Amino acid sequence: MPSIKLHTDHCISSGACVLEAPEAFALDDDGIVTQVDPDPPAEVWPKITKAAAVCPLAVIEIESP
Amino acid sequence: MSARRVVVVGASAAGTTVAESIARLDREREVVIVGDGPDLAHDRPPLSKQVLAGDWEPDQAALLPPARRAALTARLVLGSAATGLDCDRRLVHLDDGDSLAYDDLVIATGVRPRRLDPATPPGLHVLRDLADSLRLRAELGPGRRLVVVGGGFIGLEVAATARRLGTSVVVLEPTHAPLAPRLGATAAARLVERHRREGVDMRTGIGVVAVETGTDGRVARVLTTDGAEIGCSTVLVSIGSEPTVGWLVGSGLDLTDGVVCDEFCRAAPGVWAAGDVARWHHRSLGRLVRVEHRLNATEQGLAVATNIVGPARPFTPTPFFWTDQYDVRVQLAGELSPDAVEEIEPLDGADSFLHTFRIDGVLTAALAWNAARALLPLRRELAATLSPV
């Protein structure tokens with residue numbers, strides 16, 4: 001499975017990722033993106049890819065295995 | 001038969017989003033990005049904050065991180081301004097005399113800052129691109145005085161950053177309640193109060209009569225409508241922006257306050273617009289809308305790319321923007337209306353609030369003050385009405 005890298009210093013709390021893929025992403029107490037599940041199941045990955053695309057600031061980086 | 005070509009005019013957030021999205025949706029399509037700068041633009045929100053403060057070097061404010069930048073398959077035509085559009089022949093004319101043929105054209109040329117007058121003496125600034133931010137950064141710090149003309153988002157973000165750097169800051173804002181139409185009266189007043197507590201000299205109901213220069217040609221003072229003379233060497237003019245549509249005059253497109261588009265963000269057959277420059281028919285809001293906020297550039301860029309590849313869907317985003325000033329992050333989703341009833345809920349922890357705005361009990365807008373996570377369910381509620389799937 002690919003892995004997710006989060007460039008959290010660029011997160012502006014738009015929540016676009018959470019709205020797209022709540023199974024994968026959430027906002028922490030400071031409103032910054034965190035990963036909900038360190039090992040997302042296969043069926044969530046299309047949503048993760050979409051979330052990476054809708055993030056306005058390219059915070060979510062999907063690294064191929 | 002050659003590949004269908006999408007020409008994107010504008011190398012900033014909306015333009016690069018279109019390019020990346022087309023590549024993801026249809027690898028066979030050729031994409032060309034035309035930009036009038038030396039490279040893709042930098043992401044603009046950090047230019048009034050992290051970059052201006054010196055916390056980030058410019059490359060940290062790149063629109064695309066290195067891996068994504070390297071993966072961009074679009075052809076870049078840089079240092080090139082578009083000078084005209086022939087919709088019948090599907091040609092974009094460039095300033096070097098060349099023309100680019102397209103199957104689809106995306107207009108993503110954004111906006112330009114309004115100025116008080118055409119003169120640009122040293123010390124007089126606007127803030128739109130990286131060079132503006134670095135020039136302004138060099139004039140901030142202890143012992144310096146900055147006068148901000150216009151207390152909107154850019155002006156107040158710069159005021160906060162400048163203050164953090166020890167600059168003496170005066171803000172001149174003609175209205176009596178800066179940002180009230182954008183944040184509602186309560187949150188706007190709380191923000192203004194925060195600026196005053198941080199030592200910003202916030203002068204509301206005051207406008208600029210003139211910016212005067214000294215014998216050295218540099219900015220020397222600002223004359224105000226209440227008769228004050230404010231000595232300063234640095235002035236930021238942040239009085240709003242105009243859509244960059246001059247190059248489209250004569251194209252036959254409706255250029256009233258931006259490039260006017262239908263609900264699919266289409267201005268004419270094969271001509272689309274995205275980002276700050278686009279004025280499109282928002283089907284849920286029932287009127288033409290032009291949004292100068294960062295998230296819309298990405299959302300609309302995605303929508304235009306999807307519509308080009310097809311099938312086209314109406315673009316009905318839930319409006320959203322944010323502003324960061326001092327340690328406060330304010331976000332607003334939805335649309336404020338004078339008819340709405342505001343309710344304010346303080347949340348756990350100091351300085352955290354959720355404001356809701358309802359008309360006849362129906363949620364029409366929600367504002368988070370250091371409450372990003374709590375805002376999410378309200379944004380879903382707004383999206384259910386404004387952005388039906």
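Which domains does the domain assignment of chain B give? In this predicted model, the assignment lists domain 1 (5-112 + 242-309), domain 2 (115-239) and domain 3 (327-386).

**View 1. Overall fold of chain A.** Buried residues make up 40% of the 65 in chain A. When contacts in chain A between residues at least 6 apart in sequence are considered, 57% of them join residues at least 24 apart.

**View 2. Contact between chain A and chain B.** On one side of this contact stand 15 residues of chain A, and on the other 21 residues of chain B. Within chain A, α1 (16-20) and α2 (45-54) each contribute at least two residues to the side that touches chain B. By residue class, that side of chain A comprises nine nonpolar residues, five polar residues and one charged residue.

**View 3. Contact between domain 1 and domain 2 of chain B.** A distance of 30 Å separates the C-alpha centres of domain 1 of chain B and domain 2 of chain B. Domain 1 of chain B provides 11 residues to the contact, and domain 2 of chain B provides 13 residues. On the side of domain 1 of chain B that touches domain 2 of chain B, helix α2 (residues 50-53) of chain B gives the most, namely three residues. The residues on that side of domain 1 of chain B are six nonpolar, three polar and two charged.

**View 4. Six-stranded open sheet of chain B****.** The strands of this open sheet follow the order β3-β2-β1-β7-β20-β19 (chain B), and their pairing is mixed. Strands β3 (75-77) and β19 (266-268) of chain B form the edges, each pairing on one side only. From one strand to the next, the twist averages 25°. Strands of a sheet pair through backbone hydrogen bonds, in either a parallel or an antiparallel sense. The pairing of strand β2 (residues 30-34) of chain B with β3(B) is parallel and extends over three bridges. Val32(B) has Arg75(B) as its bridge partner in β3(B).

**View 5. Helices lying across strands of chain B****.** Helix α1 (residues 13-25) of chain B lies across β1 (5-9), β2 and β7 (104-107) of chain B, and its direction makes an angle of about 170° with β2(B). Helix α8 (residues 294-309) of chain B lies across β1, β7 and β20 (271-273) of chain B, running at about 160° to β20(B).

**View 6. Surroundings of Gly84(B).** Gly84(B) belongs to strand β4 (residues 82-86) of chain B. Is Gly84(B) buried, exposed or partly exposed? Because 15 C-beta neighbours lie inside 10 Å, Gly84(B) counts as partly exposed; a buried residue would need 20 or more. Apart from neighbours within four places in sequence, the contacts of Gly84(B) are His93(B), Trp247(B), Gly250(B) and Ser251(B). Phe353(B) stands 269 residues from Gly84(B) along the chain, and the C-alpha atoms of the two are separated by 48 Å.

Conventions: Residues numbered from 1 in each chain as written. Chains lettered and ligands numbered in written order. Predicted model: local features only at pLDDT ≥ 70, side-chain atom pairs only at ≥ 80, totals over all residues. Contact = placed C-beta atoms within 7 Å. Helix = DSSP H or I, 4+ residues; strand = E, 2+ residues; numbered from the N terminus. Nonpolar A, V, L, I, M, F, W, Y, C, P; charged D, E, K, R; others polar. Domains from an automatic or database assignment. Buried ≥ 20, exposed ≤ 12 C-beta atoms within 10 Å, placed from the backbone. Pairing = 2+ DSSP bridges. Axes fitted to C-alpha atoms, helices over the stretch in contact; angles between N-to-C directions.
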